[in-house]
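Welcome! Let us take a friendly walk through a protein model, one topic at a time. Have the structure open as you read.

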Amino acid sequence: MSCLFCRIVEGEIPSTPIFQDELAYAFADINPKAPVHILIIPREHISSMIDTDQSKRDLLGHLLWAAAEIARNKGLANGYRVVINTGEDGGQTVDHLHLHLLGGRQMTWPPG
């Protein structure tokens with residue numbers, strides 16, 4: 001499979017897991033935009049939020065729960081941001097659904 005994140009999940013491309021279970025895998029972003037910048041991806045290949053439907057509700061909720069769990073474990077008690085870029089206009093650059101968990105600094109608004 002040519003999907004970058006699928007190859008990471010399969011272990012073909014090295015990464016250091018920060019969180020993993022049967023549904024999700026999380027690892028540090030190689031180009032961090034904050035002191036804590038973690039990508040949380042479903043193990044299942046889903047191209048983007050555009051490609052989800054009602055059958056993915058539980059998985060999407062699980063990904064958000066994983067982000068909160070990681071944030072707790074990273075000591076982000078003062079807050080953090082979870083971002084899902086969707087499609088070209090939304091800034092998505094890897095065609096595999098992923099959440100960005102950003103923290104460890106004050107976030108600004110609007111984001112970009």
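## A pair of partners

Which residue in E5 is the bridge partner of Val82? The bridge partner of Val82 is Leu101. Keep in mind that this is a predicted model.

Now step back to the two strands. E4 and E5 run antiparallel, and four bridges join them. In general, strands of a sheet pair through backbone hydrogen bonds, and the pairing can be parallel or antiparallel.

## The whole sheet

A helix joins the picture here.

Rolling a probe the size of a water molecule over the atoms shows where empty space is left. In this model, the largest pocket holds about 700 Å³ of space. Its lining has 32 residues, and those nearest the centre are Asp29, Lys33, His37, Asn85 and His100. Helix H1 (4-9) gives two or more residues to this lining, and so do strands E2 (24-28), E3 (36-42), E4 (80-83) and E5 (99-103). Sorted by class, the lining of the largest pocket has 16 nonpolar, twelve polar and four charged residues.

The second largest pocket has about 160 Å³ of space. Among the residues that line this pocket are Gly75, Leu76, Tyr80, Arg105 and Met107. What classes make up the lining of the second largest pocket? By class, there are three nonpolar, five polar and one charged residues.

## Rings that meet

A pair of aromatic rings is described by the distance of the centres and the angle of the planes. The count for this model comes to three aromatic pairs. In one of them, the rings of Phe5 and Phe27 have centres 5.7 Å apart and planes at 75°, so the pair is edge-to-face. Because Phe5 lies in helix H1 and Phe27 in strand E2, the pair ties together parts that are 22 residues apart in sequence.

## A cis bond to look for

Most peptide bonds are trans. Which kind of peptide bond joins Trp109 and Pro110? The bond is cis, with omega about 0°. To find the spot, look in the segment after E5, where Pro110 lies.

Methods:
Residues numbered from 1 in each chain as written. Predicted model: local features only at pLDDT ≥ 70, side-chain atom pairs only at ≥ 80, totals over all residues. Heavy atoms only, no water. 1 Å grid on protein atoms, 1.4 Å probe; cavity = no way out; pocket = protein on both sides within 12 Å on 5 of 7 lines; lining within 4 Å. Points joined across faces, edges and corners; volume = space filled by probe spheres on them. Nonpolar A, V, L, I, M, F, W, Y, C, P; charged D, E, K, R; others polar. Pairing = 2+ DSSP bridges. Phe/Tyr/Trp six-rings, centres within 6.5 Å; stacked < 30°, edge-to-face > 60°.
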